[in-house]
Amino acid sequence: MSIWWSLHLRREAASVPLARRLLLGTMETAGVDPDISYDLSVALSEACANAVEHGGKTTAHGGCSEAYRVTAYLDGEKCRIEVADSGPGFTAECPAPTHAHADAEAGRGLYLIRELADHVHIGNKPGLGGAVVSFDKVLKWRAGAPLMAV
């Protein structure tokens with residue numbers, strides 16, 4: 001069995017814990033191991049926080065784009081999460097960091113996502129622009145999990 005959901009969220013700090021709680025609730029209900037659920041929820045929080053902070057662009061009226069999208073798939077053996085925004089994306093002058101120092105003020109979120117997930121893709125949306133951060137992790141299931149992969 002598989003589960004998927006997609007959220008269209010406002011670029012506000014309050015959206016981050018909302019996405020995290022939905023993911024944790026979904027994985028708990030499905031019977032995913034709590035350690036795996038925690039790792040994915042931290043990675044999701046970091047990706048959402050980046051979308052809130054960096055994911056907008058100035059509109060023709062001087063405003064800022066208001067939303068970003070989170071999609072999660074629990075399908076058999078893995079969970080895949082994608083966070084997409086409509087900001088400037090990653091540029092040659094400001095690529096996605098591949099490492100972070102412990103005392104760094106910025107760039108640690110993407111580093112944490114890389115450490116917590118099994119596979120990570122960080123790039124730009126084609127066409128209108130914006131960043132896309134997607135990551136997946138192999139799932140472990142609790143004994144007797146109701147939606148365990150067969």
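In this predicted model, the elements that cover the buried residues of helix α1 include strand β1 (2-10), helix α2 (34-54), strand β2 (67-75) and strand β3 (78-84). The residues of α1 that are buried are Ser-15, Val-16, Ala-19, Leu-23, Thr-26, Met-27 and Ala-30. Viewed down the axis of α1, these buried residues fall within an arc of 115°, so they line one face of the helix. An α-helix has 3.6 residues a turn, so residues three or four places apart point the same way. On the other side of α1, Arg-21, Glu-28 and Thr-29 are exposed.

The length of α1 can also be checked. The helix comprises 16 residues (residues 15-30), which at 1.5 Å a residue should span 22 Å; the end C-alpha atoms lie 23 Å apart, in agreement with this expectation. Gly-31 follows α1 and has a positive phi, near 100°.

Salt bridges number six in the model. In one of them, Asp-136 pairs with Arg-80, with 2.9 Å between the closest N and O atoms. Because Asp-136 belongs to strand β5 (residues 131-138) and Arg-80 to strand β3, this pair ties together parts that are 56 residues apart in sequence. Asp-136 is buried, at 4% relative accessibility, whereas Arg-80 is partly exposed at 32%.

Another salt bridge joins the side chains of Arg-69 and Glu-82, at 2.5 Å from N to O. Here Arg-69 lies in strand β2 and Glu-82 in strand β3, 13 residues apart. Arg-69 is partly exposed, with a relative accessible area of 31%, and Glu-82 is partly exposed at 25%.

Glu-12 forms a salt bridge with Arg-10, the closest N and O atoms being 2.9 Å apart. Through shared partners, salt bridges join Arg-10, Glu-12 and Glu-66 into one network.

How values were computed
Residues are numbered from 1 along each chain as its sequence is written. This is a predicted model: local features need pLDDT of at least 70, side-chain atom pairs count only at pLDDT 80 or more; totals for chains, interfaces and linings use all residues. Side-chain values use heavy atoms; hydrogens and water are left out. Helices (H or I, at least four residues) and strands (E, at least two) are DSSP runs, numbered from the N terminus. The expected span of a helix is 1.5 Å times one less than its number of residues. Buried means under 20% relative accessible area, exposed over 50%, partly exposed in between (1.4 Å probe, protein chains only). The arc is that of the directions from the helix axis to the C-beta atoms. Contact means heavy atoms within 4.5 Å. A salt bridge is a side-chain nitrogen of Lys or Arg within 4 Å of a carboxyl oxygen of Asp or Glu.
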